[in-house]
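Open the model in your viewer and get ready to select residues by number. Each stop tells you what to pick and what is there.

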Amino acid sequence: MTTHNTIAVSVETMLEDLRTLVEVESPSRDLDALRKSAETVAGVIEARLGGRAVLVESEGGPHVHWSGGGTPRVLVLGHHDTVFPLGTLARRPFLVEDGRATGPGVFDMLGGLVQAIHGLAGLEDRSGVEILVTADEEVGSHFSRTLIEERALACGAVLVAEGAADGGAVKTGRKGCGTFEVSVAGRASHAGLEPAAGVNALIEAAHQVLDIAALARPEIGTTVTPTVASAGTLDNVVPAQATVVVDVRVESADEKERVESAFAALAPHLDEAVITVAGSVGRPPMPESAAAELFAVARELLPGLEGRAVGGGSDGNFTAALGVPTLDGLGAVGGGAHADHEYLLVGSMAERARLVAGLVDAIRSA
């Protein structure tokens, strides 16, 4: 087994590869941009690790899959789509200054991809390792979930290269999360001449928002947050339609079931209003038990490393729910995910690259 802290990694070369990835913008659902991004990710993998990185086509964009050969033992998991629209790079170009790298996607999660690739490049033997970089994580992984679960079960252990928690902690647990859309159908009428002839979808939606918000149980980690609402057409028309979008986070399968059942049971307050609900808690909770074994190994490799359960979801939720040992947050140390101040701490890149390599070696020799 390679001693992980002796693995040679070049921060300068990692930053070159990070610049390459950041400068190919990859907003979710933009299939042309995602194809260019996938080809670029595949090129970086092949340049550093050899072999062939295969593009796996999907309706959500191409995923990238690479194998070091031999019996699968560990899956390194990431995504190459970002939340930033085309044109963000022109306003916020890749920059390294004062020990920080900035630019769209540096922390979530292109930096983690680069670190993992370079960590693996330091291993003389790369057999048993697979890398899967998906194209639709930021929008629910609807077109990658089956492939993620298939490769996770085949490999038996998963290392997720998502950004670290605050202070560089790895992520040992995640809430299950999902999005619901509640649609209200009412009836339009003239707001001045015949207001009572209508069924006001906006008033019904207001009732629903209060009912929905009351489903939260923050004391046990369940948050139910209405986030987007729309209703109406003109200022003198009783609105016939309204929609409310809701973000849900849960820590347990029981709460997932309770909240989903409650949404299904939503009932109208106004006569003749009709409620339609779509959505679910699509990412199951990632219990801390799924990370315990790998976290113990990580702490041996990097004494003092902290672990933390977090509210956000990742593709690690899917693999952990299958019972596959999963450790998340192994990627970039930094912050500002999904925000304009997103950054990566350059000084942590080599250590995190070596941590991934050390974990891979430990898993294969177990």
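The tour below goes from one residue or pair to the next.

**Before you start.** This is a predicted model, where local features need pLDDT of at least 70, side-chain atom pairs count only at pLDDT 80 or more, and totals for chains, interfaces and linings use all residues. Residues are numbered from 1 along each chain as its sequence is written, and side-chain values use heavy atoms, with hydrogens and water left out.

**Stop 1: S189.** Select S189. It is found in the loop between β9 (176-185) and α6 (201-213). Helices (H or I, at least four residues) and strands (E, at least two) are DSSP runs, numbered from the N terminus. Is S189 buried or exposed? S189 is buried, at a relative accessible area of 12%. Buried means under 20% relative accessible area, exposed over 50%, and partly exposed in between (1.4 Å probe, protein chains only). Now show what S189 touches: among them are E194, P195, N236 and V238. Contact means heavy atoms within 4.5 Å, and residues up to four places away in sequence are not counted for S189.

**Stop 2: the aromatic pair.** A search of the whole structure finds one aromatic pair. Select F180 and F263. These rings are stacked, 4.0 Å centre to centre, with 5 degrees between the planes. Rings of Phe, Tyr and Trp (its six-membered ring) pair if their centres lie within 6.5 Å; planes under 30 degrees apart count as stacked, over 60 as edge-to-face and the rest as tilted. F180 lies in strand β9 and F263 in helix α7, so the pair ties together parts 83 residues apart in sequence. Both F180 and F263 are buried.

**Stop 3: charges over rings.** Select R92 and F84. The charged end of R92 sits over the F84 ring, 4.8 Å from its centre. Next, take R100 and Y343. Here the charged end of R100 is over the Y343 ring, 3.8 Å from the centre. The rule is NZ of Lys or CZ of Arg within 6 Å of the ring centre and within 35 degrees of the ring normal.

**Stop 4: backbone angles.** Most residues other than glycine have a negative phi, and most peptide bonds are trans. Select D98, in the loop between β4 (95-97) and β5 (100-102). Its phi is positive, near 55 degrees. D98 is exposed, at 77% relative accessibility. Finish at D108 and M109. A cis peptide bond joins them, with omega about -5 degrees. M109 is found in helix α4 (residues 106-121).
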